[in-house]
Amino acid sequence: MTIKLYKADAMTRLMWYPKLASTTFTFNDLVYIDGDGYLIKAVDGAAITPLGLIQKTVAATDSDYASATRVPVLVPGPHAEFECDVSTGSAAQTDVGEWIDIDDHNSVDVGASTYDIFFVTRVISASKLIAKMAIKSGAVVG
């Protein structure tokens, strides 16, 4: 399962943030900044605004695993679109124009809209869709 950039916009950029020490990440995990200022994987059931997609795999065997080193994050602009795998529910045309939640740091749930993390713009199949991510202001420009 993955969430990946489908189409960048002019404001999409690569930025560097400190990761939470002793935490593994996989390339393109959806991340946000915790209350202490560190990157962590996005989780279902949390009122978060995602920051973007981490652009580095961090393994427990890495020399900087236990450190809060800075890692690259692909931060989208308001018009960037993402290709998202659906892990809960089946995507349908009726989902277009709707807000949905994530299931975890690499998939979405089309049956939930409590936290409104992604705004569906297109359905590819029952298990894949295109969406815009909520931005820090809490709104996506349509």
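A salt bridge is here a side-chain nitrogen of Lys or Arg within 4 Å of a carboxyl oxygen of Asp or Glu. By that criterion, this predicted model holds 6 salt bridges.

**The whole chain**

Display the protein chain as a cartoon. Orient the C-alpha trace along its principal axes, where it spans about 45 × 30 × 25 Å. The radius of gyration is 15 Å, which agrees with the value near 14 Å that a compact globule of 142 residues would have.

Next, colour the chain by accessibility. Of the 142 residues, 45% count as buried. The accessible surface comes to about 6,700 Å², and 53% of this belongs to carbon and sulfur atoms. Turning to contacts between residues at least 6 apart in sequence, 57% join residues at least 24 apart.

Select the charged side chains. The protein chain carries 11 positive and 17 negative charges, and their mean positions are 9 Å apart.

**Lys56 and Asp64**

Select Lys56 and Asp64, whose side chains form a salt bridge with an N to O distance of 3.7 Å. Lys56 is partly exposed at 29% relative accessible area, whereas Asp64 has 15% and counts as buried. The cut-off for buried is under 20%.

**Arg122 and Glu81**

Move to Arg122 and Glu81, where the salt bridge has an N to O distance of 3.3 Å. Arg122 belongs to strand β10 (residues 118–125) and Glu81 to strand β7 (residues 81–88), so this pair ties together parts that are 41 residues apart in sequence.

Remain on strand β7 and select Glu83 together with Lys128 of strand β11 (residues 128–133); the pair ties together parts that are 45 residues apart in sequence. Glu83 is buried, with a relative accessible area of 15%, and Lys128 is partly exposed at 22%.

Through salt bridges that share partners, Lys4, Glu83, Asp85 and Lys128 are joined into one network.

Technical notes: Residues are numbered from 1 along each chain as its sequence is written. This is a predicted model: local features need pLDDT of at least 70, side-chain atom pairs count only at pLDDT 80 or more; totals for chains, interfaces and linings use all residues. Side-chain values use heavy atoms; hydrogens and water are left out. The radius of gyration is taken over C-alpha atoms; the globule rule is 2.2 Å times the number of residues to the power 0.38. Buried means under 20% relative accessible area, exposed over 50%, partly exposed in between (1.4 Å probe, protein chains only). Contact means heavy atoms within 4.5 Å. Accessible areas come from the Shrake-Rupley method with a 1.4 Å probe; for residues, only the protein chains shown count as cover. Lys and Arg count as positive and Asp and Glu as negative; His and the chain ends are not counted. The place of a charge is taken as NZ of Lys, CZ of Arg, CG of Asp or CD of Glu. Helices (H or I, at least four residues) and strands (E, at least two) are DSSP runs, numbered from the N terminus.
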